[in-house]
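Trainee: I would like to go through some of the labels used for this model and ask what stands behind each one.
Mentor: Go ahead.

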Amino acid sequence: MTDSTPHSSETPASGPAVGQDEWVARHAERRLIRGGPLAPMEERLRAVPWWVWLTLFVGVMCLLPAVTASGYVRRVAFDTVLYMMLALGLNVVVGWGGLLDLGYVAFYGLGAYSYALLDSDQFHVHLPAYVAIPVVVVIGAIAGFLLGLPSRRLHGDYLAIVTLFFLQLFQTIATNGDSIFGHNVTGGAFGIFTVKPLHAFGHNLVVQHQGVFAVTYYFVALGFFALIYVALRFVNLSRTGRAWRSLREDPLAAEAMGMPVNALKLMSFAFGAAIAALTGTIFASLSASVLPLTFYFVLLITIYTMVILGGSGSMRGVVLGALVIGPLLELLRDPNKSRIIFYVALIGGLVFAFRRSRRLGIVVAATLAFGFVCHAIAGALHHSWIAGSADGGLQHVVSYWLIIPKHLAGWIPPVSYVGVICVALVLTLVHGRLRLVLLPPTLYLAAFVWDNVMLTQPDPARYIVLGLILIALMIIRPNGLLGERRVEIV
Amino acid sequence: MDTFIQLTIDALTLGSVYALIALGYTLVYGVLKLLNFAHGDVFMVGTFIGYGVLQLLGGAESPNVPVWALIPIITVAAMAGCAILGVVIERFAYRPLRDAPRIAPLISALGVSFFLANSMQLLFGATPRTYNAFDLGNGELYFKGFDIGNVRVPLLRIITIGSAFVLMIALYLLVNKTRTGKAMRATSYDREAAAMMGIDIDKVIRFTFILGSALAGAAGVMFALRVPTTAAIGFVAGLKGFTAAVIGGIGSIPGAMAGGLILGFAESYTQGYISTKWSDLVVFSILIAFMIFRPQGLLGRADIRKV
Amino acid sequence: MADKRLEIKGVSLNFGGLAVVADLDIDVNEGEIVSVIGPNGAGKTTLFNLITGIYRPDAGDIVLDGKSLVGLQPHQISQRGVSRTFQSLRLFLNMSVIENVMAAAYGNTHAGVFRSMLRTPGMRREEREIREFASQRLAFFGERLMGYRWDQPAYSLSYANRRRLEIARATATKPTLLLLDEPAAGMNPVETHEIAELIGRLRDEGGYTILVIEHDMHVVEGISDRVVALDHGVKIAEGTFDEVATNPRVVEAYLGTKAAATK
Ligand SMILES: Nc1ncnc2c1ncn2[C@@H]1O[C@H](COP(=O)(O)OP(=O)(O)OP(=O)(O)O)[C@@H](O)[C@H]1O
Ligand SMILES: [Mg+2]
């Protein structure tokens, strides 16, 4: 992270010159104060041009298939690249245009479906990639433009509702599109499953090689990612990019300074939609099928979380966000990895909250002690209460400390789940010693819920984590990991 | 003709549910200028609270309380539960963001919505839960009623529509005739000025969330008396409710009622006369038409740009 | 006889029954500095909002260089050569100082999105020109804004410098008519004096016609060719500073308000 947080409030020896801001006069010093042995290195890293970083990043990503031969890992990496592209596209609309586009994934779906119709057995159309992809991108841009049209005079909230409804409408059409005036267009709820891989000049870009995910798609996706990144970077530093950001900052002032706000909004909308549609083509050609439910609320929230976590408005940020959230969602599918993530996050959170103070030790020790006591009591009451650990690995280790009953009575999940939420909320209200006292039982309860309730159903559990990340981010760090700290105009 | 009457009754039922949800949006929007995406999921939680209390009372078939008391009890329980939920959401997810950029609480609201829907899914699974309203009083509420032409209007429908309208009138009086209501209106007009006039803004906002969420709870029970409920209904219900609020003119209470009914009629007639599949398309067209020709909605005020 | 640049003819505006501007007539000639004064709530800012197309008059006409501005979008009016600053500063706070000024050059530059994506030589040249132009606009303020790093975010500027940056940004749309809304508000006496001088220089060196709202009577006296006094949306006096300042209706309008008209 390159944020230069002020570390010292000392006034500099030489005061600010007349007619100069004090804040500004100290600005340079604040930067330098961030001392330590790493400071010169940080300065030097800061001086590295962006395209070097991009090349490095893409280069490292390209090496991945050399490191692992697992088709699963490669597929996850491929999905992550798609996420990065989607996040970049959403960043244009949300991060630069400042527009809340909740229909974003519908454009992704639109791209996927359009490609599916242009290269599948549905209508026996088989266009080569160099025709199909540009056509789909144009379709996406036009759709974005049209959707923005009725909303152009309206401010963000109305736009949000129109776009959200558009997402719903896309679902309806995709699901019921198997009989539009008697024609089967979208394949209905089962989708289209005869989508062909990308092909050009008589060559197919094969998806699987002897049953294993072929890395060519991964490279194609990375290529598109790099292309989009460079293009967006250039647009951002052009008059259009400046105008987008101006209208995010203050639409009225932007208009008074000669920027056609409506046209710019439509443009940013269409831009985001086109990128989403482009990503859709790659997705559809790889998956060989498209299903309506892929493009729904869950994906929307996932991409928003990526953009917000990384820092909306910052291109590096949203890429980082996708890079974190994509694999995280994948890891959370597996109970054992999920458990590891939980404890790592727990300890990381504690270290972050308490730094290296003595209280950190106290809390950890108290939580451990509390757990052993609970465990002993539960075991004494009835053996089955602590006999639930089935898998080996971390659960086996933890089961000496954590209560894992053999059978969960029906009331336990709701009560413990709601309980841990309530306690956690109360924890945010109290301070000082009381908080310290409440923390160990809360942590223990959280571990209990995680192991006994959440891990049994990875799917809602993963999404609950996403929801929590979104809420917590907005409250603790709305600028995300790499986003600029924003000053609000009042 | 019979179909028409049948559809009209359906429209009124559906419309009053939408209207109740829309009121929650409109109230919160009026006071906080916040599009509370989580509202649809509060409604969804309301359907589940109603279901839970119904089961506690022995279920629809053989309840432990008289049939006439059953529906009021579950409705009140759902209203109370949702009111608490609404207050908690406001306190923890929105209040910290009151001075943040406008997009921040919107995103937080998205997070809350997602969180609630998936939490319910986690705890209660994906199987639809039904109130079995057919069994209430051995079918009395369903088969008794009065006739219009050849169409029997079941008692249950009359109760639903009637209580929705009672709630709306009560709300209207509360907002227009009481001190708290005046404070609410003052806050929605100009929050800073209201604060300077000695109005406790936090209290007003909390009260607004209580009202809106309680109405969503009541709507939840009315909804689930007709159709089985799942954790996933919050999204669409919220979307429709908010559309109703926008069509009626966001911030306007009579507008939300009108918008809800318009939506109910549009959906019901489309489903009856055209196709069950395309009602979303019709509603979306209505929304777009409003956006183009009357963006302030049916009864809303055109807003003036503040400079 | 100087040419009329801006003619405001019988303009009225109501907000929910309240007449904020009523039947107002003002002319501004080429190269003139006209000050608009009046107590708080007199409708001065509203007048600016009417000229720049943020509000649409209920009656009357606003004519710039013989063509009506009524019904045009604010950005179209900006392209006709009208630019403004805001009383309640409206900078693009999270953009850098120079980007604020560069952004305002949007209307008189041309590179489209596709050229920007490809970074064509023409686009790069234009980009360099914009930067050069923006630096010139900032340099107009001499020491004041030169002392800063222009890649700092605008929110790091002090209040007075934000006002200066707003003026710099307004001039970057290449206007011919400049509307300044209380440019000296919140400045200390030295800075106020400087701003007054600067407004004179803007006219002399930049060739702008200037309409300025100002509460500080020293500034008004120092810069104005002509003064228009408003009260309750009505023009109550017009003329040279001395004529207006001694006008009994103006004195009455100001009685009890902070800016004494006793000078
Ligand atoms: N958008 C609006 N809606 C309703 N009333 C408004 C609006 N804008 C301005 N007004 C009213 O119009 C009147 C004139 O306002 P205006 O801002 O033009 O005053 P002003 O002369 O600029 O005052 P000041 O010296 O305080 O800046 C005020 O009474 C104000 O309340
Ligand atoms: Mg003013």
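Trainee: Which helix gives the most to the positive patch?
Mentor: In this predicted model, α7(B) does, with three residues. The patch as a whole is formed by K177(B), R179(B), K182(B), R185(B), K203(B) and R206(B). The elements giving two or more residues to it are α7 (179-189) and α9 (201-226) of chain B.

Trainee: What makes K177(B) count as exposed?
Mentor: Exposed means over 50% relative accessible area. K177(B) has 64% relative accessibility, so K177(B) counts as exposed. This lysine lies in helix α6 (residues 155-177) of chain B.

Trainee: How do you know which protein atoms are donors of the magnesium ion (ligand 2)?
Mentor: A donor must be an N, O or S atom within 2.8 Å of this metal. OG1 of T45(C) and OE1 of Q87(C) lie 1.8 to 2.1 Å from the ion, and these are its protein donors. T45(C) is in helix α1 (residues 44-51) of chain C, while Q87(C) is in the loop between β6 (82-84) and α3 (97-103) of chain C, so the pair ties together parts 42 residues apart in sequence.

Trainee: Why is helix α9 (residues 239-249) of chain A called largely enclosed by the rest of the structure?
Mentor: Because eleven of its eleven residues are buried. Among them are R239(A), W244(A), L247(A) and E249(A).

Terms used. Residues are numbered from 1 along each chain as its sequence is written. Chains are lettered from A and ligands numbered from 1 in the order in which they are written. This is a predicted model: local features need pLDDT of at least 70, side-chain atom pairs count only at pLDDT 80 or more; totals for chains, interfaces and linings use all residues. Side-chain values use heavy atoms; hydrogens and water are left out. Patches are made of residues with over 30% relative accessible area and no salt bridge: like charges are joined within 9 Å, nonpolar side chains (Val, Leu, Ile, Met, Phe, Trp, Tyr) within 5 Å. Accessible areas come from the Shrake-Rupley method with a 1.4 Å probe; for residues, only the protein chains shown count as cover. A salt bridge is a side-chain nitrogen of Lys or Arg within 4 Å of a carboxyl oxygen of Asp or Glu. Lys and Arg count as positive and Asp and Glu as negative; His and the chain ends are not counted. The place of a charge is taken as NZ of Lys, CZ of Arg, CG of Asp or CD of Glu. Helices (H or I, at least four residues) and strands (E, at least two) are DSSP runs, numbered from the N terminus. Buried means under 20% relative accessible area, exposed over 50%, partly exposed in between (1.4 Å probe, protein chains only). Donors are N, O and S atoms within 2.8 Å of the metal (3.2 Å for Na, K and Ca); water is not among the atoms, so sites may look incomplete.
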